[in-house]
Amino acid sequence: MNALERRKRPRGCYVCWALLCLGLVILGCEAAEPPQDAQDGAGESGSWLRTARRAHQVADDAKTVEQRGQAVAELEEALQALPAHAPGVDWVRLDLGARLAQLQLEQGDARSALSWVQRVMPKQPEPSVPAANLLVVAGRAYEQLGNEKQAVESYHQALVMNQTLMERSLEGL
Amino acid sequence: MSRSEDNELESELEGEATEAELAEAAALAQILERGTVREQLPSEDALEAAALLQLSRHPELDGPKREAIWAELAEQLDRRPVEGTDQRGASFLRWLLWLAPAAGVAVLVVYLGVGSGSDDALQAVNIEIPAPSKQLLRVQARLIDAPTQHERDTFDEQMGHYREQVYASLEASHR
């Protein structure tokens, strides 16, 4: 090893040290960044709540086929604007989904209605009014598609959920 | 090496450096991390490096003398202030060595100080959805059993009220 080769060592060490420190900074930044859920839940909650509320308003006012089409678009937009996790967002998602699926069902599009039900309904939903609504819409959609067995199952689940909510309401008296 | 030999060697080195010599100098500079491409090597360094390289390869020089010339070349280039983009790069590296750990510590301090606060904020907005009224639940049950347009309209109206109640609660909690 000659003198020139020996001189290469210190620089390499400095670069390694710098890279190590950069890695530390990047890790620190990732750790310090507030979770997306927290940002969505606390910072932009007004935005998605307003969007959802406006979509329901459009759906309330929809009388003609064209207006219902507009309401479907608004409800879809509101659903897409929802954060993954935020306080109350699950309820809002189920409610928007049930409204959207109901409108599509009324327009004769049972497949789209069922598709939305499946997209917004969790595998094990907590009992709630919009979750029961979704199950009812699913039952209607299955009925329209000629799947009686699945329709009866959905209605049964909706009734059980409705009954659970009623029991909870009575317990609160 | 005697004085006469030195003069002889120096006489051989007179004149312009050739393209090959400059390329060698650039390669040497790369070894020294003084520049990654030939254009980044200051012209004086290139010429000197070329001259010393040529000198070190003279057949009359033995191993220890050649090694001494290489060491001298390395020392000279190291003492010379680096210019241009190289200088900026070295300066940036020096800053980075100080700034990187400082920034890492600062970020961790902020995380430890503020992170727990954000958790509290989340818990504060973790609200409870208002319970539905029994009337709404009864209408919903009837809608499941025997849906009529009247039941549908009644349910939509009741659901509208309940929805308004929930949204008002959510908005109040996020304010």
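Helices (H or I, at least four residues) and strands (E, at least two) are taken here as DSSP runs, numbered from the N terminus. The model is predicted: local features need pLDDT of at least 70 and side-chain atom pairs count only at pLDDT 80 or more, while totals for chains, interfaces and linings use all residues. Residues are numbered from 1 along each chain as its sequence is written, chains are lettered from A and ligands numbered from 1 in the order in which they are written, and side-chain values use heavy atoms, with hydrogens and water left out.

Read along its sequence, chain B follows the pattern α-α-α-α-α-α-α, that is, seven helices and zero strands. Chain A has nine helices and likewise zero strands, in the order α-α-α-α-α-α-α-α-α from the N terminus. A residue is called buried under 20% relative accessible area, exposed over 50% and partly exposed in between (1.4 Å probe, protein chains only). On this scale 44% of the 173 residues of chain A are buried; in chain B, buried residues make up 32% of 175.

Accessible areas were computed by the Shrake-Rupley method with a 1.4 Å probe, and for residues only the protein chains shown count as cover. The accessible surface is about 9600 Å² for chain A, with 52% belonging to carbon and sulfur atoms. Contact denotes heavy atoms within 4.5 Å. Among contacts between residues at least 6 apart in sequence, those joining residues at least 24 apart make up 60% in chain A and 62% in chain B.

A nonpolar core is a set of buried Ala, Val, Leu, Ile, Met, Phe, Trp, Tyr and Cys residues joined through side-chain atoms within 4.5 Å. The largest such core has 57 residues, and V92(A) and L96(A) have the most contacts inside it. At least two residues of this core come from each of α4 (45-61), α5 (65-80), α6, α7 (110-120), α8 (129-144) and α9 (148-171) of chain A, and from each of α6 (134-145) and α7 of chain B. In soluble globular proteins, nonpolar side chains tend to be buried together. Leaving aside neighbours within four places in sequence, V92(A) is in contact with W48(A), L49(A), A52(A) and L82(A), and also with Y167(B) and L170(B).

Rings of Phe, Tyr and Trp (its six-membered ring) pair if their centres lie within 6.5 Å; planes under 30 degrees apart count as stacked, over 60 as edge-to-face and the rest as tilted. By this rule there is one aromatic pair over all chains. The ring centres of W91(A) and Y162(B) are 5.6 Å apart and the planes stand at 80°, so the pair is edge-to-face. Because W91(A) lies in helix α6 (residues 89-106) of chain A and Y162(B) in helix α7 (residues 149-174) of chain B, the pair joins two chains. Both W91(A) and Y162(B) are buried.

A charge sits over a ring if NZ of Lys or CZ of Arg is within 6 Å of the ring centre and within 35 degrees of the ring normal; R119(A) lies over the face of W116(A), at 4.0 Å from the ring centre.

Two further positions were examined. P125(A) lies in the loop between α7 and α8 of chain A and, at 23% relative accessibility, counts as partly exposed. Not counting residues up to four places away in sequence, P125(A) touches A131(A) and M161(A). P125(A) and D90(A), 35 residues apart in sequence, are separated by 9.8 Å in space, C-alpha to C-alpha. V139(B), in helix α6 of chain B, is buried at 2% relative accessibility. Beyond residues up to four places away in sequence, V139(B) touches E151(B), T154(B), F155(B) and Q158(B).
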